[in-house]
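Open the model in a viewer and keep the selection tool at hand. The stops below say what to select next and what is there.

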Amino acid sequence: MRLLLVSAFFLTWITVGGAEEPENTNPHTTPEDVAAGGRIYRSHCVECHGRDGTGGRGPDITRGDLRYGNSDAALADTISTGIPGTSMPLFFFNGKQLWQIVAFVQSLQRNEPKPPGDPAAGAALFRGKGGCLTCHMVDGQGGRQGPDLTTVGARRSLRHLRSAILEPNQWVHPRDWKIQANTKGGVKVEGIRLNEDTHSLQLLDSNDKLISVVKSDLENYRIIKLSSMPPYAGQLSQSEVDDLVAYLYTLRGKGVSP
């Protein structure tokens, strides 16, 4: 019991930066602290959140409406405890380091303007003319050839959403790369590259069928790093793009409003 109490105290001290520091306000917010937090961020967070915080594998953290809160205390709690069920781990920074990275994240945040389009019209476009559900899934409905968009509004800025619609090749995550291969027997194989190791490839074909091939059976193969999504520049009007962006921005997961 004594060991459990000591452990709980130690974890609490790490989370809030020690008993001598307040739990709800950040005592380390000088320009020097922000710079130090930036160095910690670039060492641990860039891979998921991007160098400027606008997202990558993880969400955009520059916006003023983060799902788990924007206060100093909420950010400190998210960083020190992680988010179960996601790729966000917990970090055991000491108290000062924790507050410094909170200060840096706060320096990145901005309040995005309300998107100009109509989310309801965008939802109809998404499910109709746009044909987006053919490849993308939202709340368990749709295809698997493109990224799941269930929480895309919490992960991407308005600028990123618009760019992804008009110029999808600007940024393609490695998990969305495709493989084109020819076997030694003359069979063509193509699909999304789910996994690759020294000896084999695992793909998801256009019929959502899982395929595993042994590399020694292949005559050749190549990785296609371009998006399979067609650019909608010139295909949609400006108002339709606005509507679609407005709808995507509302997608935060079931029961979560923007």
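**Stop 1: two loops with positive phi**

Begin with Asp208, found in the loop between β5 (200–204) and β6 (210–214). The model is predicted, and the backbone here has a computed feature to check: phi of Asp208 is near 60°, a positive value in a residue other than glycine. With a relative accessible area of 30%, Asp208 is partly exposed.

Next select Asp139, in the loop between β1 (137–138) and β2 (141–142). Asp139 is not a glycine either, yet has a positive phi of about 50°. Is Asp139 buried, partly exposed or exposed? Asp139 is partly exposed, at a relative accessible area of 34%.

**Stop 2: the whole chain**

Zoom out and colour by secondary structure. The protein chain has nine helices and seven strands. Its length is 258 residues, and buried residues make up 43% of them. Among contacts with a separation of 6 or more, 60% are between residues 24 or more positions apart.

**Stop 3: α2 against α5**

Select helix α2 (residues 31–44) together with helix α5 (residues 95–108). Their axes lie 7 Å apart, and the packing angle is about 95°. An angle of 65 to 115 degrees counts as roughly perpendicular, and α2 and α5 are therefore roughly perpendicular to each other.

Show side chains at the contact. From α2, display Asp33, Val34, Ala36, Gly37, Gly38, Ile40 and Tyr41. From α5, display Lys96, Gln97, Gln100, Ile101, Ala103, Phe104 and Ser107. Coloured by class, the contact of α2 with α5 shows seven nonpolar, five polar and two charged residues.

**Stop 4: α6 against α9**

Move to helix α6 (residues 119–127) and α9, which pack at an angle of about 95° with axes 7 Å apart. That angle makes α6 roughly perpendicular to α9.

Which residues of α6 meet α9? They are Pro119, Ala121, Gly122, Ala123, Leu125, Phe126 and Arg127. On the α9 side, select Glu240, Asp243, Leu244, Ala246, Tyr247 and Leu248. By class, the contact of α6 with α9 has nine nonpolar residues, one polar residue and three charged residues.

**Stop 5: the largest pocket**

The largest pocket has a volume of about 1,300 Å³. To find its centre, select His136, Pro147, Leu149, Ala164 and Asp176, the closest to that point of the 48 residues that line the pocket.

Then colour the lining by element. At least two lining residues come from each of α7 (152–155), α8 (158–166), β4 (188–196) and α9 (238–249). Which element gives the largest share of the lining? That element is α8, with six residues. The lining of the largest pocket divides by class into 22 nonpolar, 16 polar and ten charged residues.

Stay on α8 and select Leu158, Leu161, Ser163 and Ile165, which are its buried residues. The cover over these buried residues includes α7 and α9. Both α7 and α9 also supply at least two residues each to the lining of the largest pocket.

**Stop 6: the second largest pocket**

The second largest pocket holds about 920 Å³ of space. Its lining has 37 residues, and the closest to its centre are His49, Gly58, Pro59, Ile83 and Met88. Helices α2, α3 (46–49), α4 (72–81), α5 and α7 each supply at least two lining residues. The largest share, four residues, comes from α4. By class, the residues of this lining are 18 nonpolar, ten polar and nine charged.

**Stop 7: Thr78**

Is Thr78 buried or exposed? Under 20% relative accessible area counts as buried, and Thr78, at 17% relative accessibility, is therefore buried. Leaving out residues up to four places away in sequence, Thr78 touches Tyr68, Ile83 and Met88.

Terms used:
Residues numbered from 1 in each chain as written. Predicted model: local features only at pLDDT ≥ 70, side-chain atom pairs only at ≥ 80, totals over all residues. Heavy atoms only, no water. Axes fitted to C-alpha atoms, helices over the stretch in contact; angles between N-to-C directions. Parallel < 35°, antiparallel > 145°, perpendicular 65-115°, else oblique. Contact = heavy atoms within 4.5 Å. Nonpolar A, V, L, I, M, F, W, Y, C, P; charged D, E, K, R; others polar. 1 Å grid on protein atoms, 1.4 Å probe; cavity = no way out; pocket = protein on both sides within 12 Å on 5 of 7 lines; lining within 4 Å. Points joined across faces, edges and corners; volume = space filled by probe spheres on them. Buried < 20%, exposed > 50% of the residue type's maximum accessible area, 1.4 Å probe, protein only.
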